[in-house]
Amino acid sequence: METAEEIRQNANYDESKVPAYTLPDPLLLPEGHPVTDAATWFEKARPATYLLFETLMYGRTPDKNIPIRAEVLRTNPQALGGKATTLQTRLYLGERSDTYMDLLTFLPNGASGPVPLFLGLSFSGNHTVSHEPDVPVTESWVRDLPDLGQVNHRATEATRGIGTENWQAELLVERGYGLTTIYYGDIDPDFDDGFQNGIHPLFYAEGQTRPGPGEWGSIGAWAWGLSRALDYLETLPAVDAKKVAVIGHSRLGKTALWAAAQDQRFALAISNNSGSGGAAIGRRMFGETYAHLNTAFPHWFSQTFHAYSYREADLPFDQHQLLALVAPRPLYVASASEDLWADPYGEYLATEHVRPVYNLLAGEDAAKRIGYHKRPGGHDINRYDWERYLDFADANLR
Ligand code: GCU
């Protein structure tokens, strides 16, 4: 068995070595009939497509309802130099006081009514999203950042505001949007511990010690957290919960797409540099492959997905069909020119191959509802990306 590092070293970046492939037609029913109307899409094709992704890739989310309680911890009507009001809310997940996720919400001051809002998970904690001093440093497990003195998986004050460029809270509120972020490690710490920490155990049946083979991994859990955040946002009068865009970068871009596929209340979905297992066409095997995903991050997808390492073309679907699960809602996919690991061209192709579904479901609006850009530069999310997302949201949600 190759190690993750060996797989990475052997990654293909040569377009001429992309294997020949045929993509499954998203508008063909399993029994081979073409879908020619929206009703058939929603009644048959969409559920069938969804079932394939659930069964073979991201895993099934248990349908058990667990008790959730919201507590507002802090508010600040003068955040971002007076431009925003912040709301810090703890959502207790289940009965225990040590299992929770903290939501940091920025709302533009002076809005004339409920605002549309971007919701996304962060890599490093709510305290990294801006320099606001009243956001406590996360107490959850974090990745070590030795350059910043962050060791032993404990966050420190030194990381406050390091994600300011990635989140652009000020730009968002200036443009009339709200923003809610959650630290993804609150939901499930991002390492393979056999699903003992995080929220998975809340869903175990008597005697169960890890998710079943077709059940969710960490991406499924993170996506579940996004839906629970949306439940909460629906209770806030200042938020227009029918206009919540779910956004994520990289592994959290994969998560945002799966969240939007699962939960059709999300009004718009944005995948920033989501790459393999996100927006990129898997059959191209360009950059990161499924073998790498399953070896380096065995906890992200369902166990059933592990059977598809080196076998991208044997899956009965490809990632343009994940995008089809977002249709007809507005969808934005973004790549970065130097981010070859995430296969920018494969991400672009997925947005092209999902067009027939949008044409069927959205008619004249189809073109407007699919956004794509390739930013010059590397794997990242920054102001340039957000400006495009805000323009797209203006065009589709306003
Ligand atoms: C790794 C991983 C990618 C992932 C990325 C990230 O590069 O291989 O699949 O998208 O990390 O989340 O930054």
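1. On a 1 Å grid over the protein atoms alone, a pocket is an open set of points with protein on both sides within 12 Å along at least five of seven lines, a cavity is a set of points where a 1.4 Å probe fits but cannot get out, and lining residues have an atom within 4 Å of a point. Grid points are joined across faces, edges and corners, and a volume is the space filled by probe spheres set on the points.

2. The model is predicted: local features need pLDDT of at least 70, side-chain atom pairs count only at pLDDT 80 or more, and totals for chains, interfaces and linings use all residues. Residues are numbered from 1 along each chain as its sequence is written, and side-chain values use heavy atoms, with hydrogens and water left out.

3. The second largest pocket holds about 350 Å³ of space. Its lining comprises 17 residues, and D98, T99, D186, N197 and G198 lie nearest the centre. Helix α5 (residues 184-187) supplies the largest share of this lining, 3 residues; helices (H or I, at least four residues) and strands (E, at least two) are DSSP runs, numbered from the N terminus. By class, the lining has 6 nonpolar, 6 polar and 5 charged residues. Here Ala, Val, Leu, Ile, Met, Phe, Trp, Tyr, Cys and Pro count as nonpolar, Asp, Glu, Lys and Arg as charged, and the others, Gly among them, as polar.

4. The largest pocket has a volume of about 650 Å³. Of the 33 residues that line this pocket, F123, S124, H249, S250 and H379 lie nearest its centre. Two or more lining residues come from each of β4 (115-122), α3 (164-167), β6 (239-249) and α7 (251-262), and β6 gives the largest share, 3 residues. The lining divides into 13 nonpolar, 15 polar and 5 charged residues.

5. The largest cavity has a volume of about 60 Å³, and of its 13 lining residues S276, I281, G282, F286 and E288 are the closest to its centre. This lining has 7 nonpolar, 3 polar and 3 charged residues. The second largest cavity holds about 40 Å³; its lining includes F195, R210, W216 and F301.

6. An open sheet of 9 strands runs in the order β1-β2-β3-β5-β4-β6-β7-β8-β9, with mixed pairing; two strands pair if DSSP finds at least two bridges between them. At the edges stand β1 (68-79) and β9 (370-375), each pairing on one side only. From one strand to the next the twist averages 20 degrees. Strands β3 (residues 100-108) and β5 (residues 178-183) pair in the antiparallel sense over 4 bridges, and T105 stands opposite T180 in β5.

7. Helix α6 (residues 218-233) lies across β1, β2 (84-93), β3, β4, β5 and β6, at about 150 degrees to β4. Helix α12 (residues 383-397) lies across β4, β6, β7 (268-272), β8 (331-336) and β9, at about 165 degrees to β9. Axes are lines fitted to C-alpha atoms, for helices over the stretch in contact, and angles run from 0 to 180 degrees between N-to-C directions; contact means heavy atoms within 4.5 Å.

8. G277 lies in the loop between β7 and α8 (290-296). This residue counts as buried because its relative accessibility is 0%, where buried means under 20% relative accessible area, exposed over 50%, and partly exposed in between (1.4 Å probe, protein chains only). Not counting residues up to four places away in sequence, G277 touches M57, Y58, K254, Y290, L293, F301 and Q319.
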